[in-house]
Amino acid sequence: ALSIGYSQDIYNTEHFLLSGGGEFMMGRKSEDKRAMFSIHSVYLSPTLIVDERVHLFTRLGYNIVNADTEISSFDSLSGGFNFGVGLSYKVTDNYVLSFQNILHQTSGEDNGVEYDFVYNRYGLVLSYGIDLIKGD
């Protein structure tokens, strides 16, 4: 699935970075092709700075499930969490290439039946950074 996201540094030291962000996932068809769903999320990302170019990161956040379906089990899903790990490499001052594995999990109940939904995604991400605050 294609996602658009935003991340902002919150706290930064020589070997640690904490950032926060959010993602908006474009629609994705379910395996049985009867539902279109997307998972939007907000998260915190504690990161270990290995060197100037290489970062190892984790991610912990909250899911917002959006489904376009008549299948009531999808409509019952709400909330949940996401957890991820990844490695990023700074290609240039503005471009970063990352490999990540993000697990989204949520649950819901419909007519007395409990549903668990797990979506595990691997991603190769190309990010473009904009320095919004320019110093002299």
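Strand β8 supplies four residues of a nonpolar surface patch, the largest share. The patch covers about 1100 Å² and is made by Tyr 89, Val 91, Tyr 95, Leu 97, Phe 99, Tyr 122, Leu 124, Leu 126, Tyr 128 and Ile 130. Patch members have over 30% relative accessible area and no salt bridge; like charges are joined within 9 Å, and nonpolar side chains (Val, Leu, Ile, Met, Phe, Trp, Tyr) within 5 Å. Areas come from the Shrake-Rupley method with a 1.4 Å probe, and for residues only the protein chains shown count as cover.

This is a predicted model, in which local features need pLDDT of at least 70 and side-chain atom pairs count only at pLDDT 80 or more, while totals for chains, interfaces and linings use all residues. Residues are numbered from 1 along each chain as its sequence is written, and side-chain values use heavy atoms, with hydrogens and water left out.

**The patch and its hairpin**

β7 (95–110) and β8 (113–128) each give the patch at least two residues. Tyr 89 belongs to strand β6 (residues 78–90). Its relative accessibility is 41%, so Tyr 89 counts as partly exposed. Here buried means under 20% relative accessible area, exposed over 50%, and partly exposed in between (1.4 Å probe, protein chains only).

β7 and β8 run antiparallel and are joined by 16 bridges. Two strands pair if DSSP finds at least two bridges between them. Ser 107 has Asp 116 of β8 as its bridge partner. Two residues lie between the strands of this hairpin, and Asn 111 takes a positive phi near 50°.

**The whole chain**

The protein chain has one helix and eight strands. Their order from the N terminus is β-β-β-β-β-α-β-β-β. Helices (H or I, at least four residues) and strands (E, at least two) are DSSP runs, numbered from the N terminus. Of the 136 residues, 34% count as buried. The chain exposes about 9100 Å², with carbon and sulfur atoms supplying 56% of it.

**The core**

Met 25, Phe 37, Ile 39, Val 65, Leu 77, Phe 117 and Tyr 119 form the largest nonpolar core, which has seven residues. β4 (36–49) and β8 each supply at least two residues of this core. Such a core is a set of buried Ala, Val, Leu, Ile, Met, Phe, Trp, Tyr and Cys residues joined through side-chain atoms within 4.5 Å.

**Salt bridges**

A salt bridge puts a side-chain nitrogen of Lys or Arg within 4 Å of a carboxyl oxygen of Asp or Glu. By this rule there are two.

| Salt bridge | Closest N and O atoms |
|---|---|
| Glu 23 and Arg 59 | 3.0 Å |
| Arg 121 and Glu 23 | 2.5 Å |

Arg 121 in strand β8 and Glu 23 in strand β2 are 98 residues apart, so this pair links distant parts of the chain. Both residues are buried. Shared partners join Glu 23, Arg 59 and Arg 121 into one network.

Phe 16 lies in strand β2 (residues 16–25). At 32% relative accessibility, Phe 16 is partly exposed. Beyond its neighbours within four places in sequence, Phe 16 is in contact with Tyr 11, Pro 46, Thr 47 and Ile 49. Contact means heavy atoms within 4.5 Å.

Ser 19 is also in strand β2. Its relative accessibility is 5%, so Ser 19 counts as buried. With neighbours within four places set aside, the contacts of Ser 19 include Ser 7, Asp 9 and Tyr 43.
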